Amino acid sequence: MTVELEQILLQLMEPDNAVIQQATAQLKQTFKDPAIIPALCAVMSGSQNPQIRQSASVMLRLRVKKHWKKISPSDRERFAFMQETEHTVQHSLSQLCAVMVKHETPDRWPTLMQLLSQSTKSSNPHDRQVGLLLLNKVIQSNPEAFKPHFCQLLQLFSTVLQDHSNPTTLYYCILTLTAITIYTGSEEMNQMRSIIPSVIIALKHLIMANQDQASEAMEVFNELMESEVSIIIPYVADIVRFCIEVGSDTTLSNSLRVKALSSIAFLIKLKSKTVLKQKLLNPILQAIFPVLTAAPPPGEQDPEDEENDSGDGTDSDNPKQCAIQIIDTMALHMPPEKLFQQLMPFTRTCLVSEDPYQRKGGLLCLAVLAEGCADHMRTKMLSSVLQTVCQSLSDSNQVVRSAALFALGQFSEHLQPEISQYCAELMPLLLGYLSSLNQAKVGHVTKAFYALENFMENIGSDIEPYLPTLMDTMLSALINTEKLKIKELAVSAIGAIANAAKELLVPYFTSIIESLKGFLTATTEEMRSVQSQSLDTLSVLARTIGKDVFSPLAAECVQLGLNLTDTIDDPDLKRCTYSLYSAISTVSPESLTPHLTAITTVMLLALKSDEGITAHIEEDKTFVLLDDDDDDDNDEETDEEVDLEQDTETDVHDVTGFSVENAYIDEKENACDALGEIAYNTGTAFQSFLESCFQQVYEMRDFPHEDVRRAAFGAMGQFCRAQHKVWKENPTEVNHQALLKLLDVVLPCFVETVQTEPERQVVMGILESMNNVIKSCKEEVFRNPLRLKEISYVIRDVLKKKTVCQDAGGDEADDEDQQAEYDAMLQEFAGDGIPLLASSVPADKFAPFLNDLLPLIISKAKSSCTVADRSFSLGTIGEVLHALGSVSGGRGVAGRLSNRLLPVLVAGVKDSDPEVRNNSVFGLGCLAQAAGPIVVSDYPMMLSVFSNLLAKESNLLVIDNLCAAICRMIMSNVAAVPLEQLNKRIPLHTSMDLDENKTVFRCLAMLYTHSPALIVNLMKPIVAASGHVLCSKSTDKETQNTLAVLMKEMAQHHPADFQAAVISLPAEQKAELSAAISAS
């Protein structure tokens, strides 16, 4: 049979299709012969043709994979690693052994272990190479099975890594070390640590021999950083120096340099404190700035400056982009004070250079700092960096101007709200760029649109003076320009304009819809990106233009979405339809109700789908079809089931990795977001879909991409809120039990994932989602007696930086007063939960947990902490006191806390930052209201503090809150406040803080009953403030009613004074006041 089999395999290599088909049919017949296994072994070891030997080993591997149970023990033992000289055949043979290790643990295959031992220790370099190849493949297939042998393996690696004359053995050795890293324990720690210097030296030799292999082998650093970072802490400086050296060497390949620079970024992300402690920040900056500012080769451009660039700056396959990413990662993970101290000298030198690429590098550096160091840049350097960027917008070199536009776009996105104050200076500059759309290069215009959109989106009603120019420019572009990219940008810009203008855009609404119609119903592939953008802009309009304006179009828009997903299979287009449905649910949920089956079906299919996921196969599986499982023998059913199971499992061995297209990731993310929002907004109509949607979204909590995980946790929270809303509207026991069941699944999942999730953004999303659930469901969250403790403890863990995503390695001392802004933001999300807990359970029940949490919050009020930390601390204290004022037992708990909190709040009133002062004043008012009689003895001191503040305070928001705080003191104990003195010294509420209107007018109503003469003396400012508040769309019903009743009383009992006060009001306010009085 051996000769016949070899002949068939030879025929399969013929270039004649007829011969190949005949040979394939013969091979299928041969495969049914039980002697096929020994025959393949014989061909594999005896054929003179290396291609035949390789083919035999591939087919044998496939046979082993599918039919392991049918192979006799004696045949299994015949599989051995032959003496083979061809590398391709060696590779196939090693994969065969790797598949077998999946079925038989190494200890049950002594032949293999003996072969590994002999070959890897052989004095023959070729034998060692073959042995390391085999060792690598079998360990990669089943690393845990080799755990008992890890110590021996590490001894072997230590020896092999000294063999610098055999780079291939170095390569396989390092790959194998990478494979076992995640499985090593404390017993191997010292051995692992001791070989790190040898790994670095070995990689240097491997780079000289084979840069591609060196690049792959360098993954060992990332694996060590992620799974066993304590191993490399002593060698971090050596690893960084090595990566700097490789990343800076322009004679090396881009892929190798990118790998080295990416390792530095990964280290900074995971262990930024170690980088700072070991004083590695400056050496890294010294190395990456020349990379960042390097000019491209003559006649070429950087990818982001090319005409076809998308403008999103996402290309990371070149060293320059990697250098930018390192600075971006620093900004996200290092304290701004420490980073800027060392970074800004490099940046300033670049910005004043004669070399345009130096200037470009300086601007890109400023641009990527904006996200991670937003607070620092907003509060300490906004004016200067904006001046630099604006000057660069008129630079003589377009490369510099493009970088300035990118920087301005980044600033506009992240440095809010302060940057919006520069609207008058920036809008004319940006509009100037759009005056010649058809003549300009598309790549440059893309960056101008990016800057304009990000700036416009956040300026709110300040956009009004520019609306005619903006809309004329955009609508003209949609009609007149030939370039599809310009049309796409204009459509996107209309969405940004809508986000700012909201109802101000109503006069343009019909024209916008008419312009979009042609794009929305397009059928050609070339129009797809404009079509997708049109759907996104339509979604923005649904949310912003006003319910009355958009609702008439809602049903038609839903049908449009369904028609598109029925006819076009495009992940980006489908993603846009999900966003559209979600937006429509906010203005016209009833339009979605008849179509929920179709809508949820397509979204669930998107979540289940593995479309866009590409498996990277290690070798060409030419013979897969030859081993279709079509044997004639009637195996027992159970045996077949086992084989199917094994086939699924072992097929993964051929896969070296997976990649997922971004469009499919975005589609899954949007599907989760949309399902959650639609569930909440459609309420009872969604009930029959809730369980199936929840189950599928719940599966996505472990999805590899963090954006999908974050969206899944957000949707899970929305499902809880949706069920709570349904129960409130229809309070049956069935609905209540469904809510409790959902909460019992979701909340433990939230708590566990906060502690174990490595990605900070996901944890922030979970905390935000958990806070929203507590805010909506309140006491229902705590029906389970363990829940209060679990949530309190997870908040405490985040505040103590004990979770996985907080670099909780414990290998270095932590500087409490300095941390990355995003680390502080994470703690703020956790801290936001404390007032929510306080408002949801009886105060005495929460008190023990509050006593644990408060010191962690108070510690952030120190003067050495950042403004953001101080503001967060004092704001949280104020919100907790406010919550205690409305729950059972709150007065007693607030009273017991007053001695601890009063000094902190009083110190905060004297802070240099207005936001901190504002929060402190609010907190003092809430303390007076919550603690009641216990703090009355402190009233004179508090009033003195307020009086001193008022003498020099210019911030209207602080004055508003001061007025409201005194109102709280009055309502808590009117007798303890000297009203006549206050009448002369405290100004009336300015209505800058609309949230406090309720407090102020409730107090005025109470005082009118208690001391009417006092209020009559203040008639004119009270009436003026009332007219202003009644005209505000943000004023809630309760405040309107309180105010209307007060005005009616004053008009009836003091008509002359009242009319004298009303006469000076604007006509609109007079009308609102008259209508409110008539309605009350």
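## Overall picture

Accessible area is worked out by the Shrake-Rupley method with a 1.4 Å probe. By that method, the chain exposes about 45,000 Å². Carbon and sulfur atoms supply 51% of this area. The model is predicted.

The chain has 1080 residues, and 56% of them are buried. It holds 56 helices and 2 strands. How do its contacts span the sequence? Take the contacts between residues at least 6 apart in sequence: 76% of these join residues at least 24 apart.

## Aromatic pairs

A pair of aromatic rings is described by the distance of the centres and the angle of the planes. The structure holds 10 aromatic pairs. One of them joins Tyr-171 and Tyr-172. Their centres are 5.0 Å apart, with 50° between the planes, and the pair is tilted. Both Tyr-171 and Tyr-172 are buried.

Another pair is Phe-509 with Phe-550. Why is this pair edge-to-face? The planes stand at 65°, and the cut-off for edge-to-face is over 60 degrees. The ring centres are 6.2 Å apart. Phe-509 belongs to helix 29 (residues 509-520) and Phe-550 to helix 31 (residues 547-567). The pair links distant parts of the chain, 41 residues apart. Phe-509 has a relative accessible area of 8%, so this residue is buried. Phe-550 is buried too, at 0%.

## Rings in a cluster, charges over rings

Phe-694, Tyr-698 and Phe-719 form a cluster through ring pairs. Tyr-698 also has a charge over its ring: the charged end of Arg-701 sits there, 3.8 Å from the ring centre. Tyr-680 has a charged residue over its face as well. That residue is Lys-725, at 4.5 Å from the ring centre.

## Salt bridges

Side chains of opposite charge can pair when their charged atoms come close. A search of the whole structure finds 33 salt bridges.

One of them is between Glu-219 and Lys-259, at 2.4 Å from N to O. Glu-219 is in helix 14 (residues 219-227), while Lys-259 is in helix 17 (residues 254-277), so the bridge ties together parts 40 residues apart in sequence. Are the two partners buried or partly exposed? Glu-219 is partly exposed, with a relative accessible area of 29%. Lys-259 comes to 17% and counts as buried, because the cut-off for buried is under 20%.

A further bridge lies within one helix. Glu-790 meets Arg-787 at 2.9 Å, N to O. Both are in helix 41 (residues 787-799), 3 residues apart, which is about one turn of the helix. Glu-790 is partly exposed at 28% relative accessibility, whereas Arg-787 is buried at 2%.

## A network around a loop

Lys-360 lies in helix 21 (residues 356-372) and Asp-305 in the loop between helix 18 and helix 19, so the pair ties together parts 55 residues apart in sequence. Lys-360 is buried at 2% relative accessibility. Asp-305 is buried at 13%.

Asp-302 is found in the loop between helix 18 (281-292) and helix 19 (319-333). With 7% relative accessibility, Asp-302 counts as buried. Beyond its neighbours within four places in sequence, Asp-302 is in contact with Pro-296, Lys-320, Tyr-357 and Lys-360.

Methods:
Residues numbered from 1 in each chain as written. Predicted model: local features only at pLDDT ≥ 70, side-chain atom pairs only at ≥ 80, totals over all residues. Heavy atoms only, no water. Helix = DSSP H or I, 4+ residues; strand = E, 2+ residues; numbered from the N terminus. Buried < 20%, exposed > 50% of the residue type's maximum accessible area, 1.4 Å probe, protein only. Contact = heavy atoms within 4.5 Å. Phe/Tyr/Trp six-rings, centres within 6.5 Å; stacked < 30°, edge-to-face > 60°. Lys NZ or Arg CZ within 6 Å of the ring centre and 35° of its normal. Salt bridge = Lys/Arg side-chain N within 4 Å of Asp/Glu carboxyl O.
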